[in-house]
Amino acid sequence: MPHHAPSAPILYSFSNPEELVDALSHFIVKAQKEAVEKRGKFTVAISGGSLPQFLNGLIGKPGVKWDKWQVFYADERVVPLDHPDSNHKLCMDKLFSKVPIPPDNIHTIDYSLKDDLEDLSDAYEKELIHEFANKDSARFPIFDLILLGVGPDGHTASLFPNHPLLSEEDRWVAYIEDSPKEPPERITLTYPVINHASRVAFVATGAGKADTLKTVLDEPEAGLPASRVRPITPGQVFWFVDDAAASKVEYPRTKM
Ligand SMILES: O=C(O)[C@H](O)[C@@H](O)[C@H](O)[C@H](O)COP(=O)(O)O
């Protein structure tokens with residue numbers, strides 16, 4: 001089979017976070033429309049950090065078909081679902097409690113398995129297998145959209161620099177017990193899953209991200225975890241950033 005290099009990241013930079021939120025919600029609705037037309041549903045993975053708050057352009061937006069969404073977490077902290085550190089709680093607070101999404105369409109970790117992270121991550125993997133099973137027999141799930149943030153050290157989801165998890169090739173979901181960012185116990189989607197997605201969108205704002213973005217976009221050979229997100233063709237990676245975060249980046253911007 002001919003091998004196609006992954007397509008280059010597409011960088012959108014906005015003069016303020018409000019414009020970013022607007023453009024991102026437009027992008028998401030377009031992706032949803034395409035997915036629903038093709039397969040009658042929209043599969044999305046979402047991470048934590050500052051990302052969920054940038055999804056608030058979806059609240060009350062016409063055209064969002066919440067009953068078609070199937071939501072997974074790109075990474076999740078192993079804490080109770082109502083704990084302040086839970087990415088699920090964060091997404092509930094910022095978005096899902098404010099929109100008519102059926103609760104069954106949001107796939108959470110099974111915290112009762114907390115004493116065995118292997119079991120807990122396997123159970124989450126099964127949840128994904130169940131959702132993606134009747135698609136073609138692809139080895140990995142093909143998410144319509146994965147939404148990610150990037151940390152100051154270049155980590156994304158719970159894929160941290162120099163961690164053995166970066167070379168995981170088989171599992172869909174893996175666990176980590178020694179996350180350098182609190183809390184230490186987490187599960188995360190692996191690269192094979194992230195890099196099989198139809199679209200991955202990163203969101204990063206603020207001057208505090210300027211150095212990180214420069215390395216991630218201008219020096220991909222440095223191999224920071226976020227640089228390694230390069231979905232296989234026809235998948236694509238998009239960056240939604242503000243001018244402050246992009247201030248040091250030379251990588252070419254695309255106009256939306
Ligand atoms: O659970 C987490 O910690 C997040 O999923 C993580 O991957 C986050 O997206 C980055 O750390 C960026 O965080 P900020 O957007 O808050 O900088």
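Which residues of strand β6 (residues 173–176) point one way, and which the other way? In this predicted model, V173 and Y175 point one way from β6, A174 and I176 point the other way, and all are buried. Confidence in the prediction can be stated briefly. The chain has a mean pLDDT of 96, with 97% of its residues at 70 or more, and the predictor assigns the complex an ipTM of 0.96 and a pTM of 0.97.

Strand β6 belongs to an open sheet of three strands, ordered β4-β7-β6 with antiparallel pairing. Because β4 and β6 stand at the edges with a single partner strand each, one side of each is left without a neighbour in the sheet. From one strand to the next, the twist averages 20°. Helix α3 (residues 117–132) packs on this sheet and touches β6 and β7, its direction making about 155° with that of β6.

The pairing can be followed residue by residue. Four bridges join β6 to β7 (residues 186–189), while β4 and β7 pair over three bridges. T188 in β7 is the bridge partner of A174, and T188 is also the bridge partner of D75.

Elsewhere, helix α2 (residues 87–94) has the buried residues N87, H88, K89, L90 and C91. The buried residues of α2 pack against β2 (42–46), β3 (69–73) and β4 (75–77).

Turning to the ligand, 13 residues are found around it, of which S47, G48, G49, S50 and G149 come nearest. The shell comprises three nonpolar, eight polar and two charged residues.

Technical notes:
Residues numbered from 1 in each chain as written. Predicted model: local features only at pLDDT ≥ 70, side-chain atom pairs only at ≥ 80, totals over all residues. Buried ≥ 20, exposed ≤ 12 C-beta atoms within 10 Å, placed from the backbone. Helix = DSSP H or I, 4+ residues; strand = E, 2+ residues; numbered from the N terminus. Pairing = 2+ DSSP bridges. Near = placed C-beta within 6 Å. Nonpolar A, V, L, I, M, F, W, Y, C, P; charged D, E, K, R; others polar. pLDDT = per-residue confidence, 0-100. Contact = placed C-beta atoms within 7 Å. Axes fitted to C-alpha atoms, helices over the stretch in contact; angles between N-to-C directions.
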